[in-house]
Amino acid sequence: MDKKQFLESLKDVWCRLGCTSHHGIGVIAIRDIPRGTNPFKNCDPHGDLLEISQEELASYDCDDSVKMLVRDFCALQGGTYYVPDYGIDAIDKSYFLNHSKTP
């Protein structure tokens, strides 16, 4: 991305990381997001998700503090973590999403 592309990409920024009252750090809208807009359009434009079971993660030979990163930042659904295929060190703000019944 060059400087012109970067400046143009600012038009697609809708949210930021910030402190939340219940969950610590979360994604916070910084302006109204029109219906149908993908607020994470520029997050990980090249990656995909891998599926790692809780059992696979638990039995893998690596430091427990590294496994905690996966537990803290990756979605867990039905006993499976959905992890970025480009590695845990390059997560973007979309990994800080929390569910809200009153967004």
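## Strand pairing

In this predicted model, 5 bridges join β3 to strand β5 (residues 80-84), and the two run antiparallel. Two strands count as paired if DSSP finds at least two bridges between them. Within this pairing, E51 stands opposite Y82 in β5.

Stepping back, the open sheet holds 3 strands in the order β3-β5-β4, with antiparallel pairing. β3 (49-53) and β4 (75-77) are at the edges with a single partner strand each, so one side of each lacks a neighbour in the sheet. From one strand to the next, the twist averages 30°; axes here are lines fitted to C-alpha atoms, and angles run from 0 to 180 degrees between N-to-C directions.

## Overall make-up

The protein has 3 helices and 5 strands, following the pattern α-β-β-β-α-α-β-β along the sequence. Helices (H or I, at least four residues) and strands (E, at least two) are DSSP runs, numbered from the N terminus.

## Burial, surface and contacts

Of the 103 residues, 19% are buried (under 20% relative accessible area, 1.4 Å probe, protein chains only). The protein exposes about 8,000 Å², with carbon and sulfur atoms supplying 54% of it; the areas come from the Shrake-Rupley method with a 1.4 Å probe.

What share of contacts between residues at least 6 apart in sequence join residues at least 24 apart? That share is 46%, where contact means heavy atoms within 4.5 Å.

## Notes on the model

Residues are numbered from 1 along each chain as its sequence is written. Local features need pLDDT of at least 70 and side-chain atom pairs count only at pLDDT 80 or more, while totals for chains, interfaces and linings use all residues, and side-chain values use heavy atoms, leaving out hydrogens and water.

Key: Buried < 20%, exposed > 50% of the residue type's maximum accessible area, 1.4 Å probe, protein only.
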